[in-house]
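This report goes through one protein model for a reader who is new to structures. Please look at the sequence and the 3D view before reading on.

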Amino acid sequence: MKKINLVLLCLLFSTSMIFAQKSFTLTSKDLGGQATKIEEFNSFGCTGKNQSPQLSWANAPEGTKSFAITMYDPNAPTGSGFWHWVVFDIPGNINELVTNAGNLTLNLTPKGAIQSVTNYGVAGYGGPCPPENHGIHQYIITVHALKTDKLGLDSNANPAIVGYYLWMNTIAKASIVAYYQREKK
């Protein structure tokens with residue numbers, strides 16, 4: 001009886017492994033559920049290090065030709081949220097952005113990747129900097145698997161235009177959500 005149960009258990013396990021789908025996933029070695037002073041912007045009254053987190057992704061869907069990364073705060077008091085980071089034309093054979101890749105002066109993004117203008121008005125990473133006493137804001141970092149090699153945009157493209165092109169070309173998305181708040185000093 002034990003032998004039959006063991007055989008059935010092995011069959012069940014191997015069958016479930018055959019049919020299990022691998023999910024498109026985004027992870028970070030630097031960022032958990034809360035952003036810190038390391039990621040926080042260094043302007044607009046904020047004094048953080050403005051360092052973009054390491055990001056890696058796995059199990060991109062078939063047909064993926066390139067990737068894009070966005071970081072968005074839907075809680076910003078703007079009526080339309082706030083785009084903190086927009087990176088696109090990341091080659092399809094890449095699956096990671098290293099820590100501080102959002103710093104344009106360091107040239108840490110993969111060759112061909114473009115970091116365009118954020119709602120701060122400059123290209124590259126601009127970390128969290130919610131208004132003082134505005135409560136907890138969520139920062140949604142998303143990797144987009146795209147069906148095109150290039151979006152055909154440059155570093156002057158604003159987030160709304162990039163978002164439109166992403167909407168037209170995204171096959172799949174995976175996200176990390178981190179939270180941050182700034183108290184009055």
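## The model

The structure is a predicted model, in which local features need pLDDT of at least 70 and side-chain atom pairs count only at pLDDT 80 or more, while totals for chains, interfaces and linings use all residues. Residues are numbered from 1 along each chain as its sequence is written, and side-chain values use heavy atoms, with hydrogens and water left out.

## The sheet

Strands of a sheet pair through backbone hydrogen bonds, in a parallel or an antiparallel way. Here, five strands form an open sheet in the order β6-β4-β3-β7-β8, with antiparallel pairing. Helices (H or I, at least four residues) and strands (E, at least two) are DSSP runs numbered from the N terminus, and two strands pair if DSSP finds at least two bridges between them. The edge strands, each pairing on one side only, are β6 and β8 (170–180).

Strand β3 is joined to β4 by seven bridges, and Asp73 has Phe82 in β4 as its bridge partner. On another side of the pairing list, β3 and β7 are antiparallel over seven bridges, with Met71 partnered by Ile141 in β7. Strands β7 and β8 pair over 10 bridges, where Gln138 stands opposite Tyr179 in β8. In β7, eight of the 10 residues are buried; buried means under 20% relative accessible area, exposed means over 50%, and partly exposed lies in between (1.4 Å probe, protein chains only).

Helix α2 (residues 159–169) packs on this sheet and touches β3, β4, β7 and β8. Contact means heavy atoms within 4.5 Å. The direction of the helix makes about 135° with that of β8; axes are lines fitted to C-alpha atoms, for helices over the stretch in contact, and angles run from 0 to 180 degrees between N-to-C directions.

## Aromatic pairs

How many aromatic pairs does a search of the whole structure find? The search finds 10. Rings of Phe, Tyr and Trp (its six-membered ring) pair if their centres lie within 6.5 Å; planes under 30 degrees apart count as stacked, over 60 as edge-to-face and the rest as tilted.

The rings of Trp57 and Phe67 are tilted, because their planes stand at 55°, with the centres 5.3 Å apart. Trp57 lies in strand β2 (residues 55–58) and Phe67 in strand β3 (residues 66–73), 10 residues apart. Trp57 is buried at 4% relative accessibility, and Phe67 is buried at 2%.

Tyr72 and Trp83 form another tilted pair, 4.3 Å from centre to centre and with 40° between the planes. Tyr72 belongs to strand β3 and Trp83 to strand β4 (residues 82–91), 11 residues apart. Trp83 is partly exposed, at 24%. Ring pairs also link Phe41, Phe44, Phe82 and Tyr120 into a cluster.

## The disulfide

The whole structure holds one disulfide, a term for a pair of cysteine sulfur atoms within 2.5 Å. Cys46 is joined to Cys129, at 2.1 Å from S to S. The link is right-handed, with 100° about the S-S bond.

Cys46 sits in the loop between β1 (25–27) and β2, and Cys129 in the loop between β6 (114–115) and β7 (137–146), so the pair ties together parts 83 residues apart in sequence. Cys46 is buried at 4% relative accessibility, and Cys129 is buried at 14%.

## A loop residue

Is Thr109 buried or exposed? Thr109 is buried, with a relative accessible area of 19%. Its place is in the loop between β5 (96–97) and β6. Not counting residues up to four places away in sequence, Thr109 touches Ala101 and Gln115.
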